[in-house]
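This report describes how the chains of an assembly are arranged and how they meet. The sequence and the structure are shown below.

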Protein chains: 4
Amino acid sequence: MTDLRVGIVGVGVMGADHAERVARRTAGARLVAVADPDFARAEALGKSLDVRVVEDPLDLIAADDVDAVILASPGFAHAEQLLVCLEHRKPVLCEKPLTMDAASSLQVVEAEHKVGRPLIQVGFMRRFDPEYAALKELLDSGELGRTVMLHNVHRNKSAPVTFRSEMIVRDSMVHEVDIARWLLGDEITRITVHAPKPSGLVGDGVLDPQLALFELANGTMADVEVFVNFQVGYEVRCEAVAERGSATIGLGSGVFTRAGGQWGGAMPSDFRVRFERAYDIEVQRWVEAAARGGIDGPSAWDGYAAVAVCEAGIESLTSGRPVDVDLADRRKVLG
Amino acid sequence: MTDLRVGIVGVGVMGADHAERVARRTAGARLVAVADPDFARAEALGKSLDVRVVEDPLDLIAADDVDAVILASPGFAHAEQLLVCLEHRKPVLCEKPLTMDAASSLQVVEAEHKVGRPLIQVGFMRRFDPEYAALKELLDSGELGRTVMLHNVHRNKSAPVTFRSEMIVRDSMVHEVDIARWLLGDEITRITVHAPKPSGLVGDGVLDPQLALFELANGTMADVEVFVNFQVGYEVRCEAVAERGSATIGLGSGVFTRAGGQWGGAMPSDFRVRFERAYDIEVQRWVEAAARGGIDGPSAWDGYAAVAVCEAGIESLTSGRPVDVDLADRRKVLG
Amino acid sequence: MTDLRVGIVGVGVMGADHAERVARRTAGARLVAVADPDFARAEALGKSLDVRVVEDPLDLIAADDVDAVILASPGFAHAEQLLVCLEHRKPVLCEKPLTMDAASSLQVVEAEHKVGRPLIQVGFMRRFDPEYAALKELLDSGELGRTVMLHNVHRNKSAPVTFRSEMIVRDSMVHEVDIARWLLGDEITRITVHAPKPSGLVGDGVLDPQLALFELANGTMADVEVFVNFQVGYEVRCEAVAERGSATIGLGSGVFTRAGGQWGGAMPSDFRVRFERAYDIEVQRWVEAAARGGIDGPSAWDGYAAVAVCEAGIESLTSGRPVDVDLADRRKVLG
Amino acid sequence: MTDLRVGIVGVGVMGADHAERVARRTAGARLVAVADPDFARAEALGKSLDVRVVEDPLDLIAADDVDAVILASPGFAHAEQLLVCLEHRKPVLCEKPLTMDAASSLQVVEAEHKVGRPLIQVGFMRRFDPEYAALKELLDSGELGRTVMLHNVHRNKSAPVTFRSEMIVRDSMVHEVDIARWLLGDEITRITVHAPKPSGLVGDGVLDPQLALFELANGTMADVEVFVNFQVGYEVRCEAVAERGSATIGLGSGVFTRAGGQWGGAMPSDFRVRFERAYDIEVQRWVEAAARGGIDGPSAWDGYAAVAVCEAGIESLTSGRPVDVDLADRRKVLG
């Protein structure tokens, strides 16, 4: 079996991470090219990994020696780049968000539907985290009865001062949106985003933490704390409550110390430490699926639904009221 | 120092527990009488503990050899019995609820205020639990910065079939109401009680679990799961999120086993196991305060506020909307 | 029922603790007198608790208004004081050690045997700790099969510079000796005390930590780390390994924090914090037993066996070899 | 960079695992051949992975299209196969044991030394487990001071009835031998293997569990429980005690449930579940080292030392006494 030839668009933190991953830790794949409008940055990475460097992302997507694409470009560039991937029938792993708004996301979904087979996978990597995967398996087994609600926590040590209230919804809470849809097995139909009095350690006017409530079509619910200036470290926790018990992931593991008057352990510093293995598994499985011409993970529809819920969430944050999510009819769109 | 002579009204589960506690495990107190309209039941208990038995609770309260009273009678009897305690200037430890509605609770508060000193302590025993007390102390120390929200969980193994949706608010959630007011240091001004699709293991029409949101005057918030048919055991958990970290209690302790393919421990079967020590400390400290003619714990006002919030909670559960809590002005009532 | 009138001999740290406990937190008991050759110190305590002060401990033991005695005097004084207690038929709770050597301990056992009923209880308070008690109950239930070994850890934050290698055996390891005999249900027949290269944070020549191995008559074993200069805090842990699983206590509980880059909790600072409740329960149950003229806890024989094992342990520490424990034949001594 | 062409000798459980790993999950490597005297078994695996099948392991080692070898053959075959690997200058990853006795292991070490560069890596995969690696890093950082001892536990759910007392030392305890040498940074100079009264759930005459004590040249010590019929699951735990604190790994992680009256989680069923990731990392890193002609992990000397300590351990188990480990002088052997 020949290796899948992968090109990467965008060489920021995530793109560089993925480049290293494909080049060094992924079986059955070969990194052949990287592209970035910031050509100097792309060149530095390309040289270190000994791969071709392309200035225009659309050229990379179209290149004959590129079998499949990873999009790690800024979100505003996704819509166009995804459509070019579809045009060239290239499987693509697209970092979230799918696109910047629900309307354009829906267009991508429809364009892919016309191609006739899934080519777009969205980078909700948590689904590949061994803990989340084990939780999903446990809930789906029915051993605990039907799942009735989730209690989720999403915390970052700190966020850049440019990180505004809406970005907390769009860039952080969006992961919880995907996890809730995935674990609870239905669409979110209403979202309320509450803002308690903000921590004094965040910038003026930034609503952090936030406390969101998701209501799903099947009557389940999820509450979600997002706190991007928690000071302590990176923490992602999920407790699923079912009819006969509950199951929690994200409680921490690793080395347990007794030192300095305390027992306990260290919090991971950021999401790349916490989800390193999830990214590895995500990319390995995507490579295998892409070699067969398809995907193995969250679909374009999943990307669209997440964008639509976050749009409603931002509206709720502003108005202080529950907002209904206005999602297209999946059967009509996907036939 | 002579022992405080205690009389107990109500000899159900809680009353019998307290009788045993005062008679056997409390220093500086002596149980002298028990009263219950169900005279046979009172007689059985009185005989086993070798104390006087009284049929009419009001007679017990008035008796010369009773220095202080524990009310473990049904809630609907509290209003009258409390007023008689006030009349006789007897310190009283009253199991929750203070009374059955906010209006009558406020009357009790006002009557006590006329006496000129606190005589009524309400049995929110969690404040005496060593874990809750340590949490309160940590939060008040400011070490973690200002507290911004609580995530609370309150679960029972199972509830009697007669336990209706409103009772979940009034009898279970009420503890969370008191804890939120106490830990967050302010009044609850708005409550929303959500009802996800109920567990299939509860009776028809019973909304269980419930997911409540408290908003406080100082801008803090609390979300609370109450699930009285959780099947697993009794669980009370509280995570306080502050500006520089979070603190959680109720994670379980005791014997940690590796057996039957699992690592872990046993859940307590019910609240008396979990809070046995809290009750002991509550009563020991109340005895010392009552011997000095006062109280050392939640006040009549705390009892009134809890009743008022629960009234609003029941309205929210019915209407599906946030309900403002209409509390009297504390400064006007208490001068 | 009239209160048991208790006298306390020795008003150092433990004696003062017990005095406060009997006076304020124990039902059915009344502190009537304290004695200490350091009369000024005894007087200070007696004044604060409003009880009689005696200079000569033997006078306190003999006093008519003293029904029962707590011995918190130095170990070298125990032998004589215990014999006087026996002479006056006074129930006595004796802090460990029973006496300073196995020979004198055996004399005390024999003297009590002549009295015809147990009057001496030894202060191995861990047996009353709720965690140890639950562990004992689990092991005795047979649920995990037969117990085969223990792994124990005993750590102090730091020890005084005067704390020599032998004292680590005699004063710290002795608790593990009692726990092993109690949990494993037999006598220790051989002990080996190893000394790894000492921590650089202890005084010259002090062998700390130590690693002991106990072999019991029934073929079970226990390994025990004792480390009295652990720097971190006070820690007592016990894992019992049985045929079908293991059970551990002492893993810590209380408030669980996420702060300063860490998750975890605080270690207790010393044994009084960790075992406060064990002491309370020990004394409460002893008061009830003493009121009936007897004991309810570790016997004089248990005290004797612990002293004999520690004597062998000190010999092993010196010689570096296993040392057999030369215990009297229990059936011959106790008939 | 062209892929490293790997051949695997032995297609039992471990060999088949490694074959799958190299073929599917390892970057930079290609599985080209498998060999096993049981040709039918080798053929089945070769067909499923589409690689060449060889009957004689020595032919595979010598083959021109094999750059590097993984030895997963029975231990008794290792000595000869390793020498052939050396002869052909093929990097080899050899599952433990290096050979069946210390004398032949030393010959292998000497033969490799004559080659002039390390070609043999021994499969002590725990060194690659992220938890062990983090523990090693913490201890080496000096943050906790000098390490003074280890408390280790090694438990299997159950062992085949053919698993005899000596095999517990040779096949299970050997991992602890390597871990102790690695973490404590010196050679084991004395070993004592105690046998408490065996569990009633093991075959007649089998000494299980065992409790071993390792003494190292630098004065540190380790106690190790090995219990291969623990009934519960697979458990490997290591607590390192240092001058300023302790650090523990192997406490379990993953999904935390509250169900069936219990809180906790599942024990892994066997070592392949627990150490799956360690094997992946071990092989990935070995592939990278082998491509450069060398090793990146435990050396032939480490394999020899482990065999020598286990020989002494078996002698101790038989005699009941401490046995000195008679190791060759490393500087003389390796120059």
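## The axis relating chains A and C

The model discussed here is predicted.

## The interface of chains A and C

The contact between these two chains draws 19 residues from chain A and 19 residues from chain C. Of the interface residues of chain A, 100% are also interface residues in chain C, so the copies meet through the same surface. Between them, chain A and chain C bury about 1,600 Å², and 54% of this area is on carbon and sulfur atoms.

Across this interface there are 6 residue pairs in polar contact, with both residues at pLDDT 80 or more. On the side of chain A that touches chain C, the elements that give two or more residues are β11 (235-242), β13 (256-259) and β14 (262-266) of chain A. The element that gives the most to this side is β14(A), with 5 residues. By class, the residues on the side of chain A that touches chain C divide into 8 nonpolar, 7 polar and 4 charged.

## Strand pairing and salt bridges between A and C

Strand β14(A) pairs with strand β14 of chain C, which covers residues 262-266. The pairing is antiparallel and runs over 5 bridges. One of the residues involved is Gln262(A), whose bridge partner in β14(C) is Ala266(C).

Side chains of opposite charge can pair when their charged atoms come close. Between chain A and chain C the count is 2 salt bridges. The side chains of Arg258(C) and Glu235(A) meet in a salt bridge, with a distance of 2.6 Å from N to O.

## The axis relating chains A and B

Chain A can also be laid on chain B, by a turn of 180° and a shift of 0.0 Å along the axis, with an RMSD of 0.0 Å. For this pair, Asp223(A) is the residue of chain A that comes closest to the rotation axis, its C-alpha being at 4.1 Å. The same surface serves both copies, since 100% of the contact residues of chain A recur in chain B.

## The interface of chains A and B

In this interface, 36 residues of chain A are in contact with 36 residues of chain B. Chain A and chain B bury about 2,700 Å² between them, with 62% of it on carbon and sulfur atoms. The count between these chains is 4 salt bridges. In a salt bridge between the two chains, the side chain of Arg237(B) meets that of Glu239(A) at 2.9 Å from N to O.

The interface of chain A and chain B also has 12 residue pairs in polar contact, both residues being at pLDDT 80 or more. The elements that give two or more residues to the side of chain A that touches chain B are β7 (147-155), β9 (210-216), β10 (221-227), β11 and β12 (245-249) of chain A. The largest share of this side comes from β7(A), which gives 5 residues. The side of chain A that touches chain B has 16 nonpolar, 11 polar and 9 charged residues.

## A salt bridge within chain C

Over all chains, the structure holds 118 salt bridges. Among them is the one that Arg127(C) forms with Asp178(C), in which the closest N and O atoms are 2.7 Å apart. Arg127(C) lies in the loop between β6 (120-122) and α6 (130-141) of chain C, and Asp178(C) lies in helix α7 (residues 165-184) of chain C, so the pair ties together parts that are 51 residues apart in sequence.

## Backbone features

In chain B, Asp208(B) and Pro209(B) are joined by a cis peptide bond with omega of about 5°. Pro209(B) is found in the loop between β8 (188-194) and β9 (210-216) of chain B. In chain D, a cis peptide bond joins Asp208(D) and Pro209(D), with omega of about 10°. Pro209(D) lies in the loop between β8 (188-194) and β9 (210-216) of chain D.

Although Gln231(A) is not a glycine, this residue has a positive phi of about 75°. Gln231(A) is found in the loop between β10 and β11 of chain A.

Terms used. Residues are numbered from 1 along each chain as its sequence is written. Chains are lettered from A and ligands numbered from 1 in the order in which they are written. This is a predicted model: local features need pLDDT of at least 70, side-chain atom pairs count only at pLDDT 80 or more; totals for chains, interfaces and linings use all residues. Side-chain values use heavy atoms; hydrogens and water are left out. Contact means heavy atoms within 4.5 Å. Buried area is the accessible area (1.4 Å probe) that two parts lose on being put together, summed over both. A polar contact is a pair of N or O atoms within 3.5 Å; within protein, one must be able to donate a hydrogen and the other to accept it, and residues adjacent in sequence count only if both atoms are side-chain atoms. Helices (H or I, at least four residues) and strands (E, at least two) are DSSP runs, numbered from the N terminus. Ala, Val, Leu, Ile, Met, Phe, Trp, Tyr, Cys and Pro count as nonpolar, Asp, Glu, Lys and Arg as charged, and the others, Gly among them, as polar. Two strands pair if DSSP finds at least two bridges between them. Copies are superposed by least squares on the C-alpha atoms of residues with pLDDT of at least 70 in both.
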